[in-house]
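Here are some exercises to work through with the model open beside you. Try each task before you read its solution.

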Amino acid sequence: MIALPPPKAEVLARREEIVAGLRALVPGDGVIAEPLRLRPYETDGLSAYRQPPLAVVLPTSTEQVAGVLRFLHENGVRVVPRGAGTSLSGGALPLADAVVVGLMRMNRILDVSFPDRLAVVEAGVTNLGITKAVEGEGFFYAPDPSSQLACMIGGNVMMNSGGAHCLKYGVTANNLLGVKFVTIEGEVIEVGGGHLDAAGYDWLGLITGSEGQLGLVTEVTVRILRAAEGQRAMLAAFRSTEVAGAAVDAIMASGVIPVALEFMDKPCIHACEAFAHAGYPLDAEAMLIIEVEGSGEEQDALLARLREICERFDPISMRVAASAEESMAIWKGRKGAFGAVGRISPDYLCMDGTIPTSELPHVLRRIGEMSAACGLGVANVFHAGDGNLHPLIMFDANDPESFAKAEVFGADILKLCVEVGGCLTGEHGVGVEKRDLMGVQFTRPELQQQRRVKEAFDPEWLLNPAKVFPLEGALAPAAH
Amino acid sequence: MSGEGSRIAPADEAGVSAAVAAAHAEGVPLAVEGRGTKAAMLRPVQAARTLSLRALSGITFYKPEEMVISARAGTPLEEVEAALAERRQRIVAEPPDLSALLGATGGGKGSIGGMVACNLSGPRRVAGFAMRDLVLGLRFVNGEGEVLRSGGRVHKNVTGLDLCKLLSGSHGTLAVITEVTLKVGPAPERTATLVLPVADEAAGVAALSAGLTSPFGVTGAAMLPEGASANGITGPVALLRLEDVEASVQYRMERLRAALPGGRVLEGDESRALWRAVRDAAPLAAAEGEAVWRLSVRPSLAPEAVAALRGIGARVMLDWGGGLVWVAGAATSAAHEAVMEAARRARGTFTLFRAPDPMRVSVPVIPDEVPALAALSGRVKAALDPGGRLNPGRMRAGV
């Protein structure tokens, strides 16, 4: 289990006064303090951890956010920012003495410019909501995390979210032009805007992926892109993970980079097929979903080349979608992978390490050995082109021993990712989940350097404490 | 940068660390440079000691099938690009060779560390990635001499604060980069450029926008105004580039020409040579003694900015669909005021790229930050370089 810092007794003692102060700043029903109504905020996508906050505040404007942060800062109250609460790393997990600042009521699209290829939106607009606002003109917002129907752009910026299509289009950081950002002191700062590269320090790059450690983002200017004429997927099944891994290397070295290149292992193929009936090959040890873009003829030409590459690796079967509908069927299983695993196991932990792609066969073999040793099942999905691995560890949350084993198994996988030259997290963020593993990837001086940068923004450690950095000093849990 | 005083050029990272630690301990300001090709940019650094990364050179890691390359900071960019070209790969951000513009003796693109420290990208920036977006990992020495890392060698990595982005474009004022790991991409099979005569900047930017909002994956969108020329192409003309597999370029160029009729097409080497010129701002033909600015603006507001700059007798060229405005004009504070105003009105930023030294020290070479941000800048600088030894005054007076 991951320890949380001891709550500040003086803050808990002043709860009513703090709630009253918040109510003065955000009128109406924007402040939640009743225990029952706090329940929905006690966890996020990492539901094994639950902790009701002191209160929740739901501002409707940047000015209100600034007022709230100024007030909480003056009162020494910890702050937990929250978008849709879909974080898989516990990035929005509350603390008993913290106020959750939820940005879901800031959900307006403020400006769209097609000639300038940008949209200005509030932090609580959903990821898919941006695409919905511009798709009528043939545009889209590129990063596409699996939770895109629910997750909010403010949270995407805080976690630097990825998705299946970032092989071609990049992650959130590569698709931003600017943010409006509120410091813990309540100062509103605009960074970037409608232009590509700012002069001066790259605040936008530093803030993106900072997991709420540096400030709160209330407004975001994103790049919108004109969609290709069409896209189509193919599926290739192989008799071993090694062979599939070699096919991935050959594709990446060929100069034809697909827009998506997804890998699933046998347990994942079976779980997804039982769920989605997508016609996945159940005799395969590994399967690739490969997607290309362009006109119908361009798709044909690219898919023919990719087929040719896959054929060199003696595939069990290959299926090229003949239509957009068939593509959707191929994707249906992959997009439902997490839900599919949820059907065959009472609970699962979704891990998120990145590895050099050439290490895939080795890493999968080791994960298989660990799985056998601890007795917990695992299914692997993998953004193969960029090395981002998602092992889904199956366990039973009603059995504390099973959960403890799952956590150890997950930590061992992430240590393995670092050992082979990768990292702890490719797109889900460190959150609370991987906080105590940071010392595996970074030396102490490296972590201290990051802490000093954090302290330049938040010297009192009020912003999303107990996330990202192993607990130290005033945040360290009390000795028993 | 200053050239005066003592110079140190360590051949390994430990030497860099020792040099920085010594400067920190002794309270000696340190000018940090890669291969010195961009010394004329921004403000001159006055420092008793210069730390050159020139001797810290060589490619340390390259895996084409993973699209990753690492090199020590002082490695000439040409060396990295030659290694990539052998495997038909390239640096997607298209880093420029600004040695002619900046009057750098010896020429060339400079070092890989310098290119990252300056975050300079070429025409392909408009299609996606800036230099800083390609930095997967850095090794660096902070102002106290500690050897640290951020990022790594994998493509997706959100572990911890992204100091790679913070250091990219920080011009050596926060830390000394010692090794760079970049994401690279495949070289295209074919490249072609649509050369489209246009009436003026408004029509030119509209044509570029039409190309960039088409579904055809335009990877270059520049405009040579009236009077500017490159490789026999004379403005006013809009340039739209396609790069991809053979069949796609063929098909997409036909469609692009149908949408934007009246142009002609340059293929292969001719197309590549033209974009090298655009990349290096050669068509600007900045004269000796003139100042050069680089503005990053909202593309649709570029024509207005150009009109304002013409009013003070400056010459321009446009890239990034109008979002990048190169300006050459009189090296005077009046001209600088006009450029700052044009950038502000076009809702963008400016960089004084080159000017005589008296001008470089007397005007803000990049926009001032609002007080809250300036305070953060100071604290972040102190978090990395607590003694304020690294490249003092390079970006702003007194910082």
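**Exercise 1: Where two chains meet**

A:E298 and B:R252 form a salt bridge, with 2.5 Å between their closest N and O atoms. A salt bridge here is a side-chain nitrogen of Lys or Arg within 4 Å of a carboxyl oxygen of Asp or Glu.

Before going on, note that this is a predicted model, in which local features need pLDDT of at least 70 and side-chain atom pairs count only at pLDDT 80 or more, while totals for chains, interfaces and linings use all residues. Residues are numbered from 1 along each chain as its sequence is written, chains are lettered from A and ligands numbered from 1 in the order in which they are written, and side-chain values use heavy atoms, with hydrogens and water left out.

Task: describe the interface of chain A and chain B.

Step 1. Look at who takes part: 92 residues of chain A and 76 residues of chain B are in contact (heavy atoms within 4.5 Å).

Step 2. Turn to area. The two chains bury about 6,600 Å² between them, with 56% of it on carbon and sulfur atoms. Buried area is the accessible area (1.4 Å probe) that two parts lose on being put together, summed over both.

Step 3. Count the charged links: the rule finds eleven salt bridges across the interface of chain A and chain B.

Step 4. Sort the residues on the side of chain A that touches chain B: 40 are nonpolar, 31 polar and 21 charged. Ala, Val, Leu, Ile, Met, Phe, Trp, Tyr, Cys and Pro count as nonpolar, Asp, Glu, Lys and Arg as charged, and the others, Gly among them, as polar.

**Exercise 2: Two domains of chain A**

Task: find out how domain 1 and domain 2 of chain A touch.

Step 1. The contact takes 18 residues from domain 1 and 20 residues from domain 2.

Step 2. These two domains of chain A bury about 1,500 Å² between them, 73% of it on carbon and sulfur atoms. On the domain 1 side, A:T62, A:L69 and A:L103 lose the most area to domain 2, together 32% of what that side buries.

Step 3. How many salt bridges cross the interface of domain 1 and domain 2 of chain A? The rule finds zero.

**Exercise 3: Two domains of chain B**

Task: describe the interface of domain 1 and domain 2 of chain B.

Step 1. Domain 1 of chain B covers 1-187 + 368-399, and domain 2 covers 190-279. Their centres, over C-alpha atoms, lie 32 Å apart.

Step 2. Twelve residues of domain 1 of chain B are in contact with ten residues of domain 2, and the two bury about 720 Å² between them.

Step 3. Three salt bridges cross the interface of these domains of chain B. The side chains of B:R90 and B:E243 meet in a salt bridge at 3.0 Å, N to O.

**Exercise 4: A pair of rings**

Task: classify the pair of A:Y49 and A:F403.

Step 1. Recall the rule: rings of Phe, Tyr and Trp (its six-membered ring) pair if their centres lie within 6.5 Å; planes under 30 degrees apart count as stacked, over 60 as edge-to-face and the rest as tilted. Over all chains the count comes to eleven aromatic pairs.

Step 2. The ring centres of A:Y49 and A:F403 are 6.1 Å apart and the planes stand at 65 degrees, so the pair is edge-to-face.

Definitions and conventions
Domain bounds come from an automatic or database domain assignment.
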